[in-house]
Amino acid sequence: MKPITPRTAAGGPRHRRRRALPAAAVALVLTTGTAALLSTESASAKPEHAASRQNITAADAPDLGPNVDVFDPSMSKDKIQSRLDAVFKEQEKNQFGEERHALLFKPGKYDVDANVGFYTQVAGLGLSPDDTDINGDVHAEADWFDDNATQNFWRGAENLAVTPANGTDRWAVSQAAPFRRMHVKGNLQLDPRNHGWSSGGLLADTKVDGSVSSGSQQQYLSRNTEWSGWEGANWNMVFVGATNPPSGDFPEPPYTTVAKTPKSREKPFLYVDEAGAYKVFVPDVATDSQGTTWAGGAPKGTSLPIGDFFIAKPGVQASEINAALDAGKHLLFTPGVYHLDDTIKVTKPDTVVLGLGLATLVPDGGVTALSVADVDGAKIAGLLIDAGKENSDTLMEMGQKGASADHSADPSSLHDVYFRVGGAGVGKATRSLVINSSDVIGDHTWIWRADHGDGVGWTANTADNGLTVNGDDVTMYGLFVEHYQKDQVVWNGNGGRTYFFQNEMPYDPPDQGSWMDGDTKGYAAYKVADGVTDHQAYGLGSYCFFNVDKSVAADRAFQVPQADGVTFHHMVAVSLGGTGTIHHVINDKGGPANTDSQEAYVVDGP
C-alpha cells in the first residue's frame with residue numbers, strides 16, 4: 001500500500017471519489033507492564049523524537065512487561081499526558097520499527113488526548129466502554145504523511161468512551177487499525193483532516209452518538225454498530241448488524257447491508273473487576289445479532305482470572321510457552337517482537353491466546369509460527385505474524401490437514417490477527433493462514449505481502465497464497481488480503497461465508513509471462529474451488545496497479561464455480577489510476593477495469 005503522493009510517483013494511488021447520495025434511496029437488505037523504560041531504537045526505524053524515559057504503573061497490576069502503561073484516574077493529568085505524547089512521538093512515523101506499546105486506562109474519568117501511532121493499542125480496562133471515560137480525543141491522524149492515511153496501519157482503539165474536544169473524533173487509518181468496542185459521545189470522522197487518501201477499515205461493536213463521515217475512505221466494514229447517521233461512500237461500504245445503516249442501491253451508492261450478523265464472537269479483552277483483580281473477558285458466540293453487545297448492560301461471556309494465563313514477555317522461548325500451554329494455561333503476549341525457533345502449539349480446547357500492543361511473532365528457520373489443533377473454542381486475538389528470512393510453508397494453521405470435527409456448538413475464532421511478508425525486512429512464506437478446521441469465525445484479518453518497505457521485490461518477499469480455507473462452514477468478517485503472487489484466497493471448504501473483502505493484486509509482476517496461471521492471465525483475488533456447492537460472499541473489492549509493467553492484466557478478480565448455492569453479492573474491480581487491467585469482475589462477467597474505465601461493478605454473480 002504505497003500511494004502516489006504529490007512528491008513521488010512510486011507505488012499505488014488511492015483515488016478519492018465523491019458520490020452524491022440520493023435523497024430518497026431504498027436500502028438493500030440481503031438476508032442471507034506495567035510500563036517501564038522504552039526499548040532503544042531499532043536499526044530499521046529511527047524516530048525523530050525518542051520518548052522520555054519514565055515509569056507509570058498501578059501498584060496492583062500484574063507484571064505485564066516493559067511495554068505496557070496502566071493509567072489510574074488518581075494519577076496526575078499532566079503525567080499521563082506527557083507519557084501519551086512521548087509514546088506518540090516515538091511511534092508516529094515508526095512504520096517498521098520493533099517498538100510496541102499498550103496504553104491501558106483503568107475505569108474512571110480522564111482529561112487527556114491520545115494520538116495513536118504505529119504499534120500502539122489504546123484500551124480501557126472496564127467491562128463496558130462507558131466504565132472508562134476519556135474527555136478528549138482518542139484519534140489517528142495522517143499529518144506525518146502529508147494528509148495521506150493509506151499507510152496508517154497496525155494500531156487500535158478499544159473499550160473506551162470518548163467525548164471529543166471539538167465534537168468530532170478522527171480515526172484516519174487504513175488496514176489493521178480497528179476501532180472496536182468504542183462509545184463516541186459526538187461524531188466520528190474516518191479520513192484525514194484535509195480529506196487526503198485513506199483505505200480502511202473496521203468499526204465493530206461500537207456506538208457513535210452523532211454521525212459517522214467516511215470521507216475519502218475507499219472501503220469500510222461496520223459490524224454491530226449504532227449511530228445517528230452515516231455519510232459517505234466510495235467503492236465498497238459494508239454494514240453487517242448495524243442498527244441504522246444508510247440507504248441506497250449498490251453501486252449508486254456502493255452500500256451492502258446485511259440486517260443481522262449471522263454468527264459472531266467479539267474479541268476477548270483484558271479488564272479490571274470491581275475488586276481490582278485483572279481478568280480476561282471472553283464473549284459468548286452470538287447469532288443473528290444487531291447493534292452493540294454492551295449497550296443493554298453487561299455483555300454475555302466468561303471471565304478468566306489473570307492467574308490462568310502464562311504472561312509472555314519478549315525473549316521467552318517457544319519451549320516455555322508450549323510447556324505452559326500443555327499444562328492448561330491460557331496465553332497473554334505482552335507488547336514486543338518474539339523470535340520463535342519452534343511452533344507455538346495450542347492443543348487444548350477453549351484456549352485463549354491474547355496479544356497486547358500488536359505483539360509480533362517472527363518464525364525463524366522456516367517454522368510455522370502458530371498452530372491450533374482441531375479443537376473446540378480456541379480464541380486467537382491481537383497478533384501480528386511476520387514472516388522470517390527463511391521460507392515458512394505456512395505462518396499459521398488452524399487444525400491439522402484433514403481435520404473433520406464438528407465445532408458448530410463451540411467454534412474457534414480469530415480477532416485482529418494480521419500477517420506480513422516483507423516490509424520490516426526480508427520475509428518469505430508460501431502460505432500465510434491455512435484454516436483446516438470447520439466452523440472457524442474470522443473477525444478482522446489483514447494478510448499482506450508488502451508492497452513497500454525493506455525486503456520487497458518479486459523474487460525477494462515471495463508468497464503464493466494469503467488465505468487457504470479447507471474447513472467447512474468457515475465465516476470471515478473483514479477479510480483483507482493483498483499482493484500475493486498466486487491465488488490470494490483459495491477456498492476449498494463448503495458452507496463458507498465472507499462479509500466484506502478487500503484486495504489488491506500484486507503491484508510488481510515483472511511481465512505477463514511471469515504471472516500466468518496456465519493459459520489464464522494472472523491469478524484470482526478470491527478463488528472458490530470447482531467442487532464447492534455452497535458459498536456466499538457480500539461486498540467485495542479487488543484493485544490492480546501493475547506499476548512495473550503496465551501492460552500486465554488479470555483475466556478476472558473472482559473465480560467461482562457455477563452452482564446454485566454459490567452466490568457473490570456486490571463486487572467491484574478497480575484499475576488504480578488506469579495502471580493495468582482486470583478484464584472481468586467475476587468469471588467472465590463484468591469489466592473491464594482499465595485505463596478507459598477504471599471501475600467495474602457487478603451486483604450479483606456468477
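The radius of gyration is taken over C-alpha atoms, and the globule rule is 2.2 Å times the number of residues to the power 0.38. For the 606 residues of the protein chain, a compact globule would have a radius of gyration near 25 Å, and the chain has 22 Å, which agrees. This is a predicted model, in which local features need pLDDT of at least 70, side-chain atom pairs count only at pLDDT 80 or more, and totals for chains, interfaces and linings use all residues. Residues are numbered from 1 along each chain as its sequence is written, and side-chain values use heavy atoms, with hydrogens and water left out.

The protein chain contains 2 helices and 46 strands, which are DSSP runs (helices H or I, at least four residues; strands E, at least two) numbered from the N terminus. Its C-alpha atoms fill a box of roughly 65 × 55 × 50 Å along the principal axes. Of the 606 residues, 65% count as buried; buried means under 20% relative accessible area, exposed over 50%, and partly exposed in between (1.4 Å probe, protein chains only).

A nonpolar core is a set of buried Ala, Val, Leu, Ile, Met, Phe, Trp, Tyr and Cys residues joined through side-chain atoms within 4.5 Å.

| Core | Size | Residues, among them |
|---|---|---|
| Largest core | 74 residues | Phe333, Met396, Leu467, Tyr526 and Phe568 |
| Second, separate core | 37 residues | Leu84, Val87, Leu160 and Trp230 |

Thr302 lies in strand β23 (residues 301-305) and is partly exposed, with a relative accessible area of 42%. Not counting residues up to four places away in sequence, Thr302 touches Val280, Phe281, Val282 and Asp284, where contact means heavy atoms within 4.5 Å.
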